Amino acid sequence: MPDIKSTCRTAALGALTSLMVACATPSAPVNKTTYDFGEIELPAPAAQAPTPRAPLALAEIQTAWGQSSTAMQYRLAYANAQQVLPYREASWRMPPAQLVAQTVRAVLAQQRPVVSLGEGSAPLLLQLTLESFGQSFKTPTSSQGSVRLRATLLKGDQLLAQRAFATEVPAATADAAGGARALSEATRQVATELASWLGGIPD
């Protein structure tokens, strides 16, 4: 007759070994969906050619958070508006500041030549700070993408003008995809307002 204690020890050892193997086996990687702003929708050009404007140098957009992060973030404003949470299975294709810069450059280029800082000579310098960029849920099923951008226009060492631009766009769906579309549209609206503001400032 087999030793009951020995049999129990063997069974326990086998279970412990299986548990250790399971814990040591790496979990399957999470496949993230990557988002960007897609094709930038620009207004149709005016029938009459606009008066040529002075070239504008666009400095690298600054942010209040890490420049290199591509995390897609959201807030549950109905639960804790101070807490920022990342989507586990979604990310941006590039940092938000770069996505915003692409849209701003495309919109401004309809008015005047736009160069990067140090890329060429330009009498005007536009400095932008991305103060807010993210998706906020007011309820579990409704959210909006919000963008806030501060612009400073310089001519040499002279401050010409400064202004903040902000907008919110409702998301069509309560997920990362809806947030990406809302933030893309919010950025385009802010860039259009920025271009209109710059258009009214003499070179």
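Q: In which helix is the place of Thr187?
A: This is a predicted model, where local features need pLDDT of at least 70, side-chain atom pairs count only at pLDDT 80 or more, and totals for chains, interfaces and linings use all residues. Residues are numbered from 1 along each chain as its sequence is written; side-chain values use heavy atoms, without hydrogens and water. Helices (H or I, at least four residues) and strands (E, at least two) are DSSP runs numbered from the N terminus. Thr187 falls within residues 176-199, the span of helix α4.

Q: Is Thr187 buried or exposed?
A: Buried means under 20% relative accessible area, exposed over 50%, and partly exposed in between (1.4 Å probe, protein chains only). Thr187 has a relative accessible area of 2%, so Thr187 is buried.

Q: Which residue's backbone oxygen does the side chain of Thr187 reach?
A: A polar contact is a pair of N or O atoms within 3.5 Å; within protein, one must be able to donate a hydrogen and the other to accept it, and residues adjacent in sequence count only if both atoms are side-chain atoms. For the side chain of Thr187, the distance is 2.8 Å. The backbone oxygen belongs to Leu183.

Q: Which residues does Thr187 touch, not counting those up to four places away in sequence?
A: Contact means heavy atoms within 4.5 Å. By that rule, Thr187 touches Phe37, Val100, Thr103, Phe133 and Val147.

Q: How are α3 and α4 oriented to each other?
A: Axes are lines fitted to C-alpha atoms, for helices over the stretch in contact, with angles from 0 to 180 degrees between N-to-C directions. The axes of α3 (residues 96-108) and α4 come within 9 Å and cross at roughly 40°. Angles under 35 degrees count as roughly parallel, over 145 as roughly antiparallel, 65 to 115 as roughly perpendicular and the rest as oblique. The pair α3 and α4 is therefore oblique.

Q: How many nonpolar residues does the contact of α3 with α4 have?
A: From α3 come Val100, Thr103, Val104, Val107 and Leu108, while α4 gives Thr187, Arg188, Ala191, Thr192, Leu194, Ala195 and Leu198. Ala, Val, Leu, Ile, Met, Phe, Trp, Tyr, Cys and Pro count as nonpolar, Asp, Glu, Lys and Arg as charged, and the others, Gly among them, as polar. The contact of α3 with α4 has 3 polar and 1 charged residues, and its nonpolar residues number 8.

Q: With which residue's side chain does Gln135 make a polar contact of 2.9 Å?
A: Gln135 lies in strand β7 (residues 124-139). Its relative accessible area is 3%, so Gln135 is buried. The side chain of Gln135 also reaches the backbone oxygen of Asp175 at 3.2 Å. The 2.9 Å contact joins the side chain of Gln135 to that of Ser143.

Q: How far apart in space are Glu41 and Glu185, C-alpha to C-alpha?
A: Glu41 is in the loop between β1 (33-35) and β2 (56-58). Glu41 is exposed, because its relative accessible area is 61%. In sequence, Glu41 and Glu185 are 144 residues apart; in space, the C-alpha distance is 9.1 Å.

Q: Which residues is Leu160 in contact with, leaving aside neighbours within four places in sequence?
A: Leu160 belongs to strand β9 (residues 158-170). Its relative accessibility is 30%, so Leu160 counts as partly exposed. The contacts of Leu160 are Leu124, Leu153, Leu154 and Lys155.

Q: What percentage of the protein's residues is buried?
A: The secondary structure comes to 4 helices and 9 strands. Along the sequence, the pattern is α-β-β-β-β-α-β-α-β-β-β-β-α. Of the 203 residues in the protein, the buried share is 34%.
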